[in-house]
Structures are given as structure tokens and as C-alpha cells.
Amino acid sequence: MKQKIYITDEERKKCRKVADAFAELENEDIDIVVADAGRYGFVRLLYYDEAYGFDKAVCYTESTELFDALWKDWLNGQLFQIALENRPLMDLEYEDIFRSLPKPKQEELMSKRHYFAQRSGISNA
């Protein structure tokens, strides 16, 4: 029988702060949904389809892992929007899109990581 992993009370508080820090994105075009799954942790819901709902759900019991996943979702969403405005970039991977941006734009995007880290209380981000 597979051992079940539950979230600690301390990590629950930290994950809640991370989820709240990214909650402001609900008004943006990027679909980032995080649900509190009680003692099982926090669930990141992905790939929403109106007819079928969410296609994928990933559960997190550690706040740093949740932060990294949400950050990656946010950054990739921003890079996708940039590629939509500059069609030749659409054929590139996200890392290549980022590298093709001018340094000031790269710094602007990366400053948001620091912003989200401060809001969520995550250090070393």
C-alpha cells in the first residue's frame, strides 16, 4: 500500500501565502488555479477546458515547490503572450524566447519573481 503524504501545519501556512501571492493573477489572461485540498496540501489545476474541466492536477505539500511551479506558469504565460505579438518567436521554446528578449525586458520579468517571493515569504527565490 502506498504511503500517503500529508502537509504539515507550517507548510500549510506557507503554501497559503504562496497561493495568495499568485491569486492576483486571476484578472490576467494566464489561467493559474490553486485549490486548498486540506490535509493533502494544495492542488495546482492545469489545462482547463469548458467541456471537460481541468485535465491535470498536481498536489504540493512544500511551499517552495508550489512557488517554483506557479512562477514557471506565470513566466511561461508572459513569454507566450510576447511570442503572440512577435510571430517568429512562436516556433521557439520558452527558454529561447526569454534569451531573445532585450536585457531590460528580461530583468523586468525576473523582477516579478522577486516580487512574488516577497509577497509569499519565500526566501532564496
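How many aromatic pairs does the count come to?

A: The count comes to seven aromatic pairs, where rings of Phe, Tyr and Trp (its six-membered ring) pair if their centres lie within 6.5 Å, with planes under 30 degrees apart called stacked, over 60 edge-to-face and the rest tilted. One of them is Tyr115 with Phe116, an edge-to-face pair at 5.3 Å centre to centre and 65° between the planes.

Before going further, a word on the model. It is predicted, so local features need pLDDT of at least 70 and side-chain atom pairs count only at pLDDT 80 or more, while totals for chains, interfaces and linings use all residues. Residues are numbered from 1 along each chain as its sequence is written, and side-chain values use heavy atoms, with hydrogens and water left out.

Back to that pair. Phe116 has a relative accessible area of 0%, so it is buried (under 20%; exposed is over 50% and partly exposed is in between, with a 1.4 Å probe and protein chains only).

Next, Ser120. It sits in helix H4, residues 103-120 (helices are DSSP runs of H or I with at least four residues, strands are E runs of at least two, and both are numbered from the N terminus). Ser120 counts as buried because its relative accessibility is 3%. Its side chain reaches the backbone oxygen of Phe116 at 2.8 Å, and a polar atom of that Ser120 side chain lies 3.3 Å from the backbone oxygen of Ala117. Leaving aside neighbours within four places in sequence, Ser120 is in contact (heavy atoms within 4.5 Å) with Lys17, Val18, Ala21 and Phe67.

Now for the charged side chains of helix H4. The side chains of Asp68 and Arg113 meet in a salt bridge at 3.2 Å, N to O (a side-chain nitrogen of Lys or Arg within 4 Å of a carboxyl oxygen of Asp or Glu). This pair links distant parts of the chain, with Asp68 in helix H2 and Arg113 in helix H4, 45 residues apart. Arg113 counts as buried because its relative accessibility is 17%, whereas Asp68, with a relative accessible area of 40%, is partly exposed. Glu108 is partly exposed at 46% relative accessibility, and Lys105 is partly exposed with a relative accessible area of 27%. By the salt-bridge rule the count comes to nine.

As for the setting, the protein has four helices and three strands, in the order α-β-β-β-α-α-α along the sequence. Of its 125 residues, 34% count as buried. Among contacts between residues at least 6 apart in sequence, 55% join residues at least 24 apart.

Terms used: A polar contact is a pair of N or O atoms within 3.5 Å; within protein, one must be able to donate a hydrogen and the other to accept it, and residues adjacent in sequence count only if both atoms are side-chain atoms.
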